[in-house]
Amino acid sequence: MNRIRTACAPNLYCLPLMPAIQTPETEEIHPDVALVAAAKEGDSAAFEKLIRQYDRQIFRVAQHITQNREDAEDITQDVFFKAYQKLDQFQGNSKFSTWLVRIAVNESLMRLRKRKTSKTVSMDEDVHTEEGSIPRDFAEWRPNPEQLYGQSELADILRKTIQGLPPGFRTVFTLRDIENLSTEETADALGLSVPAVKSRLLRARLQLRERLSRYFKQNPSLSPALLRESKAQ
Amino acid sequence: MTCTDFLAKLTDFFDGNVPPTLMAEVEHHISECKHCEVVLDSTTKTINIYRDHELYDFSPELQTKMEKSIMDRCAGWKTKLKGAKALTRS
């Protein structure tokens, strides 16, 4: 069972619970273990169940990293096919979903590299810039920024904003904050150290905050104009 | 605690990894520094808004199509593997 994190700032800033690393005393057998064991024995219905359980998540991870729908569809299929081929190599040291995510991240980064044939794409790309290190916009946001825009406008803004992040930051933010992997799981999936994940995560969050602030800050005259400008691009 | 110290602790803060004594310092700093209070509030909203919105459409049709395609590929591979094994044995 996941540990419940209770520490958060007073009154206001509790984020939804994030999964923590399992401790031996609280460990319970995850239902996936039985499905994976059955799939290893050749039970294709068990593997199909695993696909159905995680294909949406894998698709989302791939789409966030590659920012391309066709690539995300291909990657999702490749991930499950590779997982099936290598099922015997899955030792159960991590969660099955984390294992799938790790394959998805590798496949997605590989796609990005292929797309930019003359330029290497790695988790280190753009991390040496100073952008996102220091907040610059200190305007307060509307109490409920989601009420400013319709659902599809808001989705456009969110997509456009995350798309602007360097892949290395986008990937860390996706795994940690969207997919709720723990910092350790994120580090494991990306082959990074925990301090490196924390550093990139901070900058990813601050960069996104800075960019979204243009739309959500308490200056109603700015937001619609910016939205039109962004749509015109 | 300075604003730089606060920023350095922000990730641990979101992870709930700040020890109580340090938490008191963070809280004290936020209560006195409007800028850091805004940064904390808007960063929290940033994370929550991404977490709460499914940005990419994944329709049941697409899901069914992909599942079928994956299972077909897996079955094809398994058949090939069996054939290769039988060939090796013979």
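Biologist: How many helices and how many strands does chain A have?
Modeller: Chain A has nine helices and zero strands, where helices (H or I, at least four residues) and strands (E, at least two) are DSSP runs numbered from the N terminus. Before going on, please note that this is a predicted model, in which local features need pLDDT of at least 70 and side-chain atom pairs count only at pLDDT 80 or more, while totals for chains, interfaces and linings use all residues. Residues are numbered from 1 along each chain as its sequence is written, and chains are lettered from A and ligands numbered from 1 in the order in which they are written.

Biologist: What share of chain A is buried?
Modeller: Of the 233 residues in chain A, 38% are buried. A residue is called buried if 20 or more other C-beta atoms lie within 10 Å of its own, exposed if 12 or fewer, and partly exposed in between, with C-beta atoms placed from the backbone.

Biologist: And which residues have the most contacts inside the largest nonpolar core?
Modeller: Those are Leu100(A) and Ala104(A), in a core of 66 residues. A nonpolar core here is a set of buried Ala, Val, Leu, Ile, Met, Phe, Trp, Tyr and Cys residues joined through C-beta atoms within 7 Å. In soluble globular proteins, nonpolar side chains tend to be buried together.

Biologist: What does Ala104(A) touch, leaving out residues up to four places away in sequence?
Modeller: Ala104(A) touches Ile58(A), Val61(A), Ala62(A), Ile75(A) and Val79(A), where two residues are in contact if their C-beta atoms, placed from the backbone, lie within 7 Å.

Biologist: How do H2(A) and H4(A) cross, then?
Modeller: The axes of H2(A) and H4(A), the latter being residues 96-115, come within 9 Å and cross at roughly 35 degrees; axes are lines fitted to C-alpha atoms, for helices over the stretch in contact, and angles run from 0 to 180 degrees between N-to-C directions. The crossing is right-handed, a word used if the near helix is turned clockwise from the far one by less than a right angle, with left-handed for anticlockwise. Among the residues making this contact are Ile58(A), Val61(A) and Ala62(A) of H2(A), together with Leu100(A) and Ala104(A) of H4(A).

Biologist: Changing topic: how many residues of chain A are in contact with chain B?
Modeller: There are 47 residues of chain A in contact with 37 residues of chain B. H2(A) supplies the largest share of that side of chain A, 10 residues. By class, the side of chain A that touches chain B divides into 25 nonpolar, eight polar and 14 charged residues, counting Ala, Val, Leu, Ile, Met, Phe, Trp, Tyr, Cys and Pro as nonpolar, Asp, Glu, Lys and Arg as charged, and the others, Gly among them, as polar.

Biologist: Which residues make the contact between H3(A) and H4(B)?
Modeller: The axes of H3(A) and H4(B), which is residues 60-89 of chain B, come within 9 Å and cross at roughly 35 degrees, in a right-handed crossing. The residues in contact include Phe80(A), Phe81(A) and Tyr84(A) of H3(A), and Met66(B), Ile70(B) and Trp77(B) of H4(B).

Biologist: Is H4(B) largely in the open or largely buried?
Modeller: H4(B) lies largely in the open, because the number buried is three of its 30 residues. Those buried are Met66(B), Ile70(B) and Cys74(B), and they pack against H2 and H3 of chain A.

Biologist: Where is Gln67(A) placed?
Modeller: Gln67(A) is in the loop between H2 and H3 of chain A, and its phi is near 60 degrees, a positive value in a residue other than glycine. Gln67(A) counts as buried because it has 20 C-beta neighbours inside 10 Å.

Biologist: And Asn180(A), where is that one?
Modeller: Asn180(A) is in the loop between H6 and H7 of chain A, and its phi, near 65 degrees, is likewise a positive value in a residue other than glycine. With 17 C-beta neighbours inside 10 Å, Asn180(A) counts as partly exposed.
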